[in-house]
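Thanks for making time. I have one structure to go through this morning, and I will take it piece by piece.

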Amino acid sequence: RADYTPHSCMKVISAIPGPGQVHGCPFRVLSEEDLRTSLSKLTLADPMRIEQAVTKAKEGHYQLACGKVWEGQHGCSCDSGINHPNQFFEESRKQRVGVAEKDAMDGADHAAKVP
């Protein structure tokens, strides 16, 4: 079994799927309407990020559009920017684990203060 290096965002963005194929950067390959529909199915902390992402994609700034979705999902910015699909996942994981740890610590602090 071969172990392949995953493609970066630039590689995914530059790939143009053929007819009937469903791969590639959604911010590049989907129409404005289809992108808006797909993004509206996500749970975003800030729904305004959908329009910001669609605008960035329409302007050809696909990675910035992806970053807007990340911000909408997490309620904060990704300081390192999104440069790789795996990075989107890794940064999301860090954010969610960090929030869960903070919530656990807040709960422990609250429990310690309750008489």
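A definition before anything else: a residue is called buried under 20% relative accessible area, exposed over 50%, and partly exposed in between. Please also keep in mind that this is a predicted model.

The overall fold first. The protein chain has six helices and zero strands, so along the sequence the pattern reads α-α-α-α-α-α. Of its 115 residues, 25% count as buried. Taking the contacts in the chain with a separation of 6 or more, 38% are between residues 24 or more positions apart.

Now helix H4, residues 48-58. Which residues of H4 are buried? They are Arg 49, Ile 50, Ala 53, Val 54 and Ala 57. Looking down the axis of H4, these buried residues fall within an arc of 140°, so they line one face of the helix. On the other side of H4, Met 48 and Lys 58 are exposed; by the cut-off I gave, that puts each of them over 50% relative accessible area. What covers the buried residues of H4? The cover includes H2, H3 and H5. After H4 comes Gly 60, which has a positive phi, near 90°.

Next is H5, which runs over residues 62-74. How does the span of H5 agree with its 13 residues? At 1.5 Å a residue they should span 18 Å, and the end C-alpha atoms are 19 Å apart, which agrees. The buried residues of H5 are Tyr 62, Ala 65, Cys 66, Gly 67, Val 69, Trp 70, Glu 71, Gly 72 and His 74. Just after H5 there is another glycine with a positive phi, Gly 75, at about 75°.

H5 brings us to the largest pocket. The space in the largest pocket is about 300 Å³. It is lined by 19 residues, and those closest to its centre are Gly 24, Cys 25, Pro 26, Phe 27 and Cys 66. Cys 66 is also one of the buried residues of H5. Which helices supply at least two residues each to the lining? They are H1 (9-14), H2 (26-29), H3 (32-40), H5 and H6 (85-113). H5 gives the largest share, four residues. By class, the lining has 16 nonpolar residues, three polar and no charged ones.

Last, two loop residues. Asn 83 is in the loop between H5 and H6. Leaving aside neighbours within four places in sequence, Asn 83 is in contact with Ser 8, Cys 9 and Gln 63. For Cys 9, the separation from Asn 83 is 74 residues in sequence, while their C-alpha atoms are 5.6 Å apart in space.

The other residue is His 23, in the loop between H1 and H2. His 23 also counts as partly exposed, at 40% relative accessibility. Not counting residues up to four places away in sequence, His 23 touches Pro 17 and Val 29. Between His 23 and Val 12 there are 8.4 Å, C-alpha to C-alpha, and the two are eleven residues apart in sequence.

That is the end of my part.

Terms used: Residues are numbered from 1 along each chain as its sequence is written. This is a predicted model: local features need pLDDT of at least 70, side-chain atom pairs count only at pLDDT 80 or more; totals for chains, interfaces and linings use all residues. Side-chain values use heavy atoms; hydrogens and water are left out. On a 1 Å grid over the protein atoms alone, a cavity is a set of points where a 1.4 Å probe fits but cannot get out, and a pocket is an open set with protein on both sides within 12 Å along at least five of seven lines; lining residues have an atom within 4 Å of a point. Grid points are joined across faces, edges and corners, and a volume is the space filled by probe spheres set on the points. Ala, Val, Leu, Ile, Met, Phe, Trp, Tyr, Cys and Pro count as nonpolar, Asp, Glu, Lys and Arg as charged, and the others, Gly among them, as polar. Buried means under 20% relative accessible area, exposed over 50%, partly exposed in between (1.4 Å probe, protein chains only). The arc is that of the directions from the helix axis to the C-beta atoms. Contact means heavy atoms within 4.5 Å. The expected span of a helix is 1.5 Å times one less than its number of residues.
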